[in-house]
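This report describes a protein chain and its ligand. It covers the domains, the ligand shell, the packing of helices and some backbone details.

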Amino acid sequence: MSILAGKHICIAGAGIGGTCLAVALEKACKDSSISPLPKIELFERDASSSARQGVGYSFNLRDHQDTGSGGLKVLKDLELGIFEELAQCQEPGNTMHLCLQNFKQPLIQVARAPGEDPRAQELMRISRSQLRQTLLYRVTSGIHWGKVCTSAVPAAKPGGHVQLGFSDGSAVNCDLLVVADGTRSKLRACLLPRETNSYAGICMLMGRTEQLKELPPELLKGQYLAMGQRGVALFMCSVEKTTAMWSLSWKAPESTSAELNAIFQDPSAAQEYLTHEVQELAKGFPEPLPSLLHATKATSMVSYPCMDKLPHPNHDNGVVYLGDAWHPMSPFSGSGANMALVDAWELAQQLVTGRHTCIQEAIDAYATHAAPRARGEQDLWWSAWRK
Ligand SMILES: Cc1cc2nc3c(=O)[nH]c(=O)nc-3n(C[C@H](O)[C@H](O)[C@H](O)COP(=O)(O)OP(=O)(O)OC[C@H]3O[C@@H](n4cnc5c(N)ncnc54)[C@H](O)[C@@H]3O)c2cc1C
């Protein structure tokens, strides 16, 4: 009999990793004819699936076998038509342009030639919300929206019940709690308060335009990464084909992002900041940036402190971590979503394979394999930076 038969699994956070886990687990359980099927429930703080429509960014998914951060490979391996559906919505252009201040003459262009076999595609740029919606559409388990997970009590012994508590005072008991509540994980802070993120010293400010009649021709070719005159880096690309996002990043104290986000709570203060400070930060970058800033909705602006953290050991019975809640990666690494997808896939495989005698054994096997992979990815991107 399967270790999951009749069990209750709670997933805290219906982001990229949490939804992918629900989809992968449901499919693997059905494929393996597990009976009775486990009860899988997702708990998400967003009020609904559309709560973040029109905001957010697009990201690169990769099919890299060698680094182990191949989120695109997971979407293909799920074999639920997710890869094919996303391929229809991917952002235009397949070239990354590295520039100084001249977008017409990039210093380096990295392009991927389209192959004959669409499934051989190695890189896909897709909006986060499109990926999440596509995954959510396939979730058949219960999703509880507007539920903020605030606390957890691990099982007293392997095989015991874990308790998950919510901000509204309610609680639920389960056999397995998957902590997938992102970079600033409330559950990690509750269970392992010493496992904090470390600040990489960079503040990122991101904004998104209104719907554009047409994208600037540059953005039809792909993404642009440019270095400005005063240590400000720029990134630009399309999101959902009809809008564009830009981000400006610079060295700043850790408190800067929180201060900026507090300003952006007030729409008129956000507009003021966009009109004055952002123009100052963006000085020297030519078109299309000034036009994109002009078309930016001030309320779309959000700032991220670039955080990362190595995956921590976890000895709490019945609790397992995945994605950013376990090993947040700086957005510059372009790996966080890829790794959340790979974590979800591997955890589902370990839980459903017939090799383990109990859930605890399966989650230990997952962590033993996934932690070095996450550490390797962190080393790859940040060893040079930290020197
Ligand atoms: C600007 C930017 C660009 C990026 N570009 C890339 C890229 O090119 N490639 C790449 O691979 N990655 C990229 N990333 C990183 C990527 O977005 C994340 O690593 C990825 O989303 C992590 O997935 P996750 O499921 O762990 O967390 P998330 O997707 O953040 O999901 C966490 C979920 O938990 C919910 N939640 C949070 N707290 C609670 C709570 N207390 N109770 C209930 N629910 C809660 C959140 O609402 C969210 O839905 C980028 C990130 C940023 C900010």
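The protein chain is divided into domain 1, made of residues 8–91 + 124–197 + 309–386, and domain 2, residues 201–307. The model is a predicted one. The centres of the two domains, taken over C-alpha atoms, are separated by 29 Å. To the contact between them, domain 1 contributes 14 residues and domain 2 contributes 13 residues. The side of domain 1 that touches domain 2 has 5 nonpolar, 6 polar and 3 charged residues.

**Ligand shell**

The ligand is surrounded by 34 residues, and the closest are Gly 13, Gly 15, Phe 59, Gly 323 and Gly 336. Two or more residues of this shell come from each of α1, β3 (58–62) and α10. The element that gives the most is α10, with 4 residues. By class, the shell around the ligand has 16 nonpolar, 11 polar and 7 charged residues.

**Helix packing**

Helix α1 (residues 16–31) packs against helix α10 (residues 336–352), and α1 also meets α4. A further pair is formed by α3 and α4. The table gives the geometry of these pairs.

| Helix pair | Axis angle | Axis distance |
|---|---|---|
| α1 and α10 | about 30° | 8 Å |
| α1 and α4 | roughly 30° | within 9 Å |
| α3 and α4 | roughly 145° | within 11 Å |

The crossing of α1 past α10 is right-handed. On the α1 side, the contact includes Ile 16, Gly 17, Cys 20 and Leu 21, and on the α10 side it includes Ala 337, Ala 340, Leu 341 and Trp 345. The residues of this contact of α1 with α10 comprise 16 nonpolar, 2 polar and 1 charged.

The axes of α1 and helix α4 (residues 128–138) cross at roughly 30°, and these helices are therefore also roughly parallel to each other. Here α1 passes α4 in a left-handed crossing. Ile 16, Thr 19, Cys 20 and Val 23 of α1 are in contact with Leu 131, Arg 132, Leu 135, Leu 136 and Arg 138 of α4. The contact of α1 with α4 is made up of 6 nonpolar, 1 polar and 2 charged residues. Ile 16 and Cys 20 of α1 take part in the contact with α4 and also in the contact with α10.

Helix α3 (residues 82–89) crosses α4 at roughly 145°, and the crossing is right-handed. Ile 82, Glu 85, Leu 86 and Cys 89 of α3 meet Gln 130, Leu 131, Thr 134 and Leu 135 of α4. This contact of α3 with α4 has 5 nonpolar, 2 polar and 1 charged residues. Leu 131 and Leu 135 of α4 meet α3 as well as α1.

**Backbone details**

Most residues other than glycine have a negative phi, and most peptide bonds are trans. Where does the chain depart from this? In the loop between α1 and β2 (39–43) lies Pro 36, and the peptide bond from Ser 35 to Pro 36 is cis, with omega near -10°. Ser 33 is found in the loop between α1 and β2 too; its phi is near 50°, a positive value in a residue other than glycine. A cis peptide bond also runs from Glu 287 to Pro 288, with omega near 10°. Pro 288 lies in the loop between α8 (267–281) and α9 (289–294).

Note on methods
Residues numbered from 1 in each chain as written. Predicted model: local features only at pLDDT ≥ 70, side-chain atom pairs only at ≥ 80, totals over all residues. Axes fitted to C-alpha atoms, helices over the stretch in contact; angles between N-to-C directions. Left-handed = near helix turned anticlockwise from the far one by under 90°. Contact = placed C-beta atoms within 7 Å. Nonpolar A, V, L, I, M, F, W, Y, C, P; charged D, E, K, R; others polar. Near = placed C-beta within 6 Å. Domains from an automatic or database assignment. Parallel < 35°, antiparallel > 145°, perpendicular 65-115°, else oblique.
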